[in-house]
Amino acid sequence: WAGDVSRPTPKIRAGMRAIAHAPAMLWEVLDTGECEALLPLSEPYLPTGPVRGVAEQLPDARGTELVARLYPDADGNWNISGGLWVHAPPLDALLERLELEHLRLSRHERRLTWEDLLRYRAELLYRLCAIHTELCEG
């Protein structure tokens with residue numbers, strides 16, 4: 001197996017790069033299939049149309065908000081990666097915790113943007129939402 005040098009196709013590698021570049025976000029899924037960010041996010045990362053894969057690929061859950069990375073493909077369609085239905089924690093408390101982490105990380109990397117925080121420390125957002133969801137449902 002070590003001699004196998006096959007690589008994914010360029011299309012698959014481009015999709016993997018797009019997912020890695022997309023910041024994790026807490027989304028409200030509208031009836032039209034579009035998603036609206038519940039936390040601040042810059043314009044290039046906001047989907048411009050319906051998102052594919054929300055209902056078809058996620059397990060059933062009682063949460064009403066979605067934590068996921070949304071990314072565009074080469075055709076301009078928006079797709080979901082790493083989606084999880086959750087109950088959103090109070091947004092002011094969530095924002096305060098994320099801003100505190102941003103401040104902590106900014107001590108080491110001064111050019112760190114909000115989207116970088118959501119991209120590289122996505123587990124923080126997922127964990128906070130998952131803990132709140134467990135408290136709501138437990």
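The largest nonpolar core holds 29 residues, and Trp27, Leu70, Leu98 and Leu125 have the most contacts inside it. Such a core is a set of buried Ala, Val, Leu, Ile, Met, Phe, Trp, Tyr and Cys residues joined through side-chain atoms within 4.5 Å; buried means under 20% relative accessible area, exposed over 50% and partly exposed in between, with a 1.4 Å probe and protein chains only. The model is predicted: local features need pLDDT of at least 70, side-chain atom pairs count only at pLDDT 80 or more, and totals for chains, interfaces and linings use all residues. Residues are numbered from 1 along each chain as its sequence is written, and side-chain values use heavy atoms, leaving out hydrogens and water.

- Two or more residues each come from strands E1 (24-29), E4 (65-72) and E5 (78-86) and from helices H3 (91-106), H4 (114-120) and H5 (122-137); helices (H or I, at least four residues) and strands (E, at least two) are DSSP runs numbered from the N terminus.
- H5 gives the most, with five residues.
- Beyond four places in sequence, Leu70 touches residues including Trp27, Val51 and Ile80, where contact means heavy atoms within 4.5 Å.

**Sheet**
- Five strands form an open sheet in the order E2-E1-E4-E5-E3, with mixed pairing; two strands pair if DSSP finds at least two bridges between them.
- The edge strands, E2 (35-37) and E3 (51-52), each pair on one side only.
- E1 and E4 run antiparallel and are joined by five bridges.
- Ala24 stands opposite Arg69 in E4.

**Ser81**
- Ser81 is found in strand E5 and counts as buried because its relative accessibility is 18%.
- Leaving aside neighbours within four places in sequence, Ser81 contacts Ile19, Ala68, Arg69, Tyr71 and Tyr126.
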